[in-house]
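Biologist: Before we discuss any single residue, I would like each label in this model to be tied to the criterion behind it. Could you show me the structure and then take my questions in turn?

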Amino acid sequence: MDIEQYMHTVGRQAREASRAIARADSHVKNSALRAIAAAIRRESNTLLAANQEDLAAARAAGLEPALLDRLTLSAKGVAAMAEGVDQVAALADPVGEISDLKFRPSGIQVGRMRVPLGVIGIIYEARPNVTADAAALCLKSGNASILRGGSEAIRSNRAIAALVQEGLASAGLPSTAVQVIDTTDRAAVGHLITMREFIDVIVPRGGKGLIARLLAEARVPMIQHLDGNCHVYIDDDADARKALQIVDNAKTQRYGTCNTAESLLLARSVAAHLLPPIAAMLSGKGVEIRGCPETVALVPEAKAASEEDYASEFLAPIISVKVVAGLDEAIAHINRYGSHHTDAIVSENYTTAMRFLREVDSASVMVNASTRFADGFEYGLGAEIGISTDKIHARGPVGLEGLTSQKWIVLGNGEVRA
């Protein structure tokens, strides 16, 4: 295969298809989405069989546990994938929405209209559900998409893509509106991230190695986050039951996700009372604790934390712990060591909680809730195409609105400028 020629063909087809998708009305797009969801449910066993082949090959290749976890599809996961597509169909269509329409002294009306971005390239590792999520969100927001999954999920992605294209065809839309790159050659990525004539934005979902490469080589704008070093801060006025419950869920529900808590901070006034039972819960679930000297004094099984530990996304049963003087030190620590992804405070003090919300510089900031809620599905977006820690255009879980932009529109009645 001539990779350059192949990628240019894919890009050209996507650009042509993007025009058809951009002008498709909500009814047509929703018909395609409902057909895709129905096909996913119908072919659940086919998808699980393809996924088992991917898993067998991945285990043989020595894929690390966190990636194996992301790669795995279950019957429940397939059902959730279909539900996510259905939820996207049920969401309001943002395309064509006009806002802020105002008369000017000249007589013209000036406003903004929400429009698709065009062609979106998504690059992701493991997680085959991203194929369905990304296809659904791009379709509903009027965009064509080019999906480049990791080689470890190639069979799963092909199987899901076939169902997506079946749904597109049933609604009379071009199958090239969603294309999965059908090669595992890494050179395909190099072309995808530099084809400015065909691609309008790149959304990478993967590890630091992938993101670092794209940051160095991409010529197409990106919506991305590098890692997820998420924090839970237990304040002076925290409820002990909530604190234990939130830390448990935020850290131990799943270890391999970007919204898993990797760092725990406690106010000094409550550390002696709250840290031992929290540490006992974590240790009981096999979580290694790496802490500051005060943490080690309170938790005999804890190891001394290094500076690197406080800045790390472990994606494993490891957590860094630090006792801080109070809110000011907690916020300073999070803004210094965090990745601007998701951070939470446990507190019954309204004023303290509001300061935390305002001053923590992250895409999602939470009060008395687990960081695991930082997810497009949980936020009511139907699904997400990724999470952005950028500050321009889209921030946090990126759903339909994040896949559109606004252009200025002017409505007149023959006015001319004096």
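Modeller: Let me begin with a definition: two residues are in contact when heavy atoms of theirs lie within 4.5 Å. Please also keep in mind that this is a predicted model.

Biologist: With that cut-off, which residues is R205 in contact with, leaving aside its neighbours within four places in sequence?

Modeller: R205 is found in strand β6, residues 201-205, and its contacts beyond those sequence neighbours are I123, Y124, E125, R127, V130, L210, E384, I385 and G386.

Biologist: Why is R205 called buried?

Modeller: The label buried requires a relative accessible area under 20%, and R205 has 12% relative accessibility, so R205 counts as buried.

Biologist: What makes the radius of gyration of the protein agree with that of a compact globule?

Modeller: For 418 residues a compact globule would have a radius of gyration near 22 Å, and the protein has 23 Å, which is therefore in agreement. Taken along the principal axes, the C-alpha atoms fill a box of roughly 70 × 65 × 40 Å, and 53% of the 418 residues count as buried. Among contacts between residues at least 6 apart in sequence, 73% join residues at least 24 apart.

Biologist: How many helices and strands does the secondary structure come to, and what is the order of strands in the open sheet of 3 strands?

Modeller: The secondary structure comes to 15 helices and 16 strands. The open sheet has the order β1-β2-β16, with antiparallel pairing.

Biologist: What makes β1 and β16 the edge strands of this sheet?

Modeller: Each of the two, β1 (98-103) and β16 (404-411), pairs on one side only. Neighbouring strands of this sheet are turned by 20° against each other on average, with direction ignored.

Biologist: How do you know that β2 and β16 pair, and in which sense?

Modeller: Pairing calls for at least two bridges between the strands, and β2 (residues 109-116) and β16 are joined over 8 bridges in the antiparallel sense. Within this pair, R112 stands opposite W408 of β16.

Biologist: What makes β12 a mostly covered strand, and which strands does β12 pair with in the parallel sense?

Modeller: In β12, 5 of its 5 residues are buried; T342, A344 and V346 point one way, D343 and I345 point the other way, and all of these are buried. Strand β7 (residues 230-234) runs parallel to β12 and is joined to β12 by 4 bridges, with V232 having A344 as its bridge partner. The pairing of β12 with β13 is also parallel and extends over 4 bridges, and there I345 stands opposite V367.

Biologist: How many salt bridges does a search of the whole structure find, and which residues are linked with E288 in a network?

Modeller: The search finds 24 salt bridges. One of them joins the side chains of R290 and E288 at 2.6 Å, N to O, and E288, R290, K303 and D309 are linked in a network of salt bridges.

Note on methods:
Residues numbered from 1 in each chain as written. Predicted model: local features only at pLDDT ≥ 70, side-chain atom pairs only at ≥ 80, totals over all residues. Heavy atoms only, no water. Axes fitted to C-alpha atoms, helices over the stretch in contact; angles between N-to-C directions. Rg over C-alpha atoms; globule rule 2.2 N^0.38 Å. Buried < 20%, exposed > 50% of the residue type's maximum accessible area, 1.4 Å probe, protein only. Salt bridge = Lys/Arg side-chain N within 4 Å of Asp/Glu carboxyl O.
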